Amino acid sequence: MAGSPRPRFRTGLAQIGVGLAAGVATAVSGCGGAQAEAPTESAPTDEVAAQPAASADPVRFVFPVASQSVRYDPTHHDYPAADMFADCGTPVLATTDGTIEEVATSDEWESGIDDPALRSGLLVSLVDDRGVRYYGSHLESVTVEPGARVAAGDLLGTVGDTGNAAGTGCHLHYGLSPACRTGWENRRGLTAPQPFLDDWRVGGQRDPSGAVVEVGC
């Protein structure tokens with residue numbers, strides 16, 4: 001296709017908008033909530049304000065890799081995360097409802113340079129309405145765009161071995177973190193996901209938001 005190449009990293013921060021910013025500020029303590037701007041719409045009338053708030057739909061979680069033979073260790077080497085080994089091309093699914101925060105659709109990692117910011121290869125990060133980030137990297141393909149709204153179980157991409165996973169076996173690097181903590185050092189994982197993965201794998205609905213809140217910003 002003619003024209004300039006698409007950038008490696010693309011974010012959906014503008015598309016996520018005020019609603020998500022408010023969710024991050026209230027869900028994660030110390031996340032700089034005072035900086036989130038309030039919506040600019042006119043104040044509600046007394047009649048509207050007096051109406052009870054509609055009950056939110058329950059949060060739903062699914063195991064992020066569509067395979068029964070996924071392998072991962074109970075711990076990760078030097079920071080909280082999980083390397084989920086599965087065949088290349090295995091579907092990677094949205095863990096829960098949310099908005100695509102960021103994607104990387106080209107693999108620019110070089111072993112001779114080993115830039116840590118590029119070790120992820122192809123990646124997708126999803127942020128839910130409470131401000132929890134669900135991150136997956138080393139993907140073979142990415143099927144979503146920044147700012148897209150997805151539901152639990154939607155296809156995000158496929159398992160691969162891009163970035164510094166080359167030669168280590170196809171796997172999904174999976175991390176949990178508060179969305180208010182940005183940069184590759186944070187999105188790769190700040191909360192151990194294994195207890196939640198173990199639960200989701202058997203159809204459980206264990207919620208990671210409490211553990212992520214404790215990380216703070």
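A: This is a predicted model with a mean pLDDT of 83, and 74% of its residues reach 70 or more. pLDDT is the predictor's confidence in each residue, from 0 to 100. Residues are numbered from 1 along each chain as its sequence is written. Local features need pLDDT of at least 70, side-chain atom pairs count only at pLDDT 80 or more, totals for chains, interfaces and linings use all residues, and side-chain values use heavy atoms, without hydrogens and water.

Two stretches call for caution. Residues 1–6 stay under 50 in pLDDT, with one contact beyond four places in sequence (contact: heavy atoms within 4.5 Å). Residues 14–55 also stay under 50, with 36 such contacts. Where pLDDT is low, the predicted coordinates should not be read in detail.

Now the pocket. A pocket is an open set of points on a 1 Å grid over the protein atoms alone, where a 1.4 Å probe fits, with protein on both sides within 12 Å along at least five of seven lines; lining residues have an atom within 4 Å of a point. The second largest pocket holds about 340 Å³, a volume being the space filled by probe spheres set on the points. Its lining has 21 residues, and Y79, R119, H138, N164 and H173 lie nearest the centre. Strand 2 (82–85), strand 6 (132–142), strand 9 (171–178) and helix 3 (184–187) each give two or more residues. Strand 6 gives the most, with three. Helices (H or I, at least four residues) and strands (E, at least two) are DSSP runs, numbered from the N terminus. The lining divides into seven nonpolar, nine polar and five charged residues. Here Ala, Val, Leu, Ile, Met, Phe, Trp, Tyr, Cys and Pro count as nonpolar, Asp, Glu, Lys and Arg as charged, and the others, Gly among them, as polar.

R119 also pairs with D114 in a salt bridge, 3.0 Å from N to O (a side-chain nitrogen of Lys or Arg within 4 Å of a carboxyl oxygen of Asp or Glu). R119 is partly exposed at 30% relative accessibility, and D114 is partly exposed at 28%. Buried means under 20% relative accessible area, exposed over 50%, partly exposed in between (1.4 Å probe, protein chains only).

The structure holds six salt bridges. E101 meets R133 with closest N and O atoms 2.9 Å apart. E101 lies in strand 4 (residues 98–104) and R133 in strand 6, so the pair ties together parts 32 residues apart in sequence. Both E101 and R133 are buried. D128, R130 and D207 are linked in a salt-bridge network.
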